Amino acid sequence: MAKKKFNPEDVIGKPYKRGLLPYGGSVTMGKISFAVSEEEHLEKMKRLRLIHS
């Protein structure tokens, strides 16, 4: 069975629970206010690897 792709728009505004932000984000007053997509996360990690290599 294929794993469902993470969509940041699906979690914004929901109460925060552990595991809802697999790639990072922000929580304000107990609700998710910002979430990072897998693509954004991978791009950032690629840039960081270039800096540290």
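**Group meeting: a pocket, a hairpin and a core**

Let's start with the pocket. The largest pocket holds about 150 Å³ of space. Keep in mind that this is a predicted model.

How is such space found? Rolling a probe the size of a water molecule over the atoms shows where empty space is left.

Now, which residues line the largest pocket? They are K3, K4, K5, F6, N7, D10, V11, P22, Y23 and E38. Sort that lining by class and you get five charged residues, four nonpolar and one polar.

Next, the strands. Strand 1 covers residues 25–28, and it runs antiparallel to strand 2. Four bridges join the two. Together they form a hairpin, with two residues between the strands. Look at M29 in the turn: its phi is positive, about 50°.

Pick one bridge. Which residue in strand 2 partners V27? It is I32. I32 also touches residues beyond its sequence neighbours, among them V11, L20, L21 and V27.

That takes us to the core. The largest nonpolar core has five residues: F6, V11, L21, I32 and A35. Two of these names, F6 and V11, are also listed in the pocket lining.

Last stop, S37. Where is it? S37 sits in the loop between strand 2 (31–35) and helix 1 (38–52). Is S37 buried or exposed? Its relative accessibility is 11%, and the cut-off for buried is under 20%, so S37 counts as buried. Leaving out residues up to four places away in sequence, S37 touches F6, P8 and Y23. F6 belongs to the core, and Y23 lines the pocket.

Key
Residues numbered from 1 in each chain as written. Predicted model: local features only at pLDDT ≥ 70, side-chain atom pairs only at ≥ 80, totals over all residues. Heavy atoms only, no water. Buried < 20%, exposed > 50% of the residue type's maximum accessible area, 1.4 Å probe, protein only. Contact = heavy atoms within 4.5 Å. Core = buried A, V, L, I, M, F, W, Y, C linked by side-chain atoms within 4.5 Å. 1 Å grid on protein atoms, 1.4 Å probe; cavity = no way out; pocket = protein on both sides within 12 Å on 5 of 7 lines; lining within 4 Å. Points joined across faces, edges and corners; volume = space filled by probe spheres on them. Nonpolar A, V, L, I, M, F, W, Y, C, P; charged D, E, K, R; others polar. Pairing = 2+ DSSP bridges.
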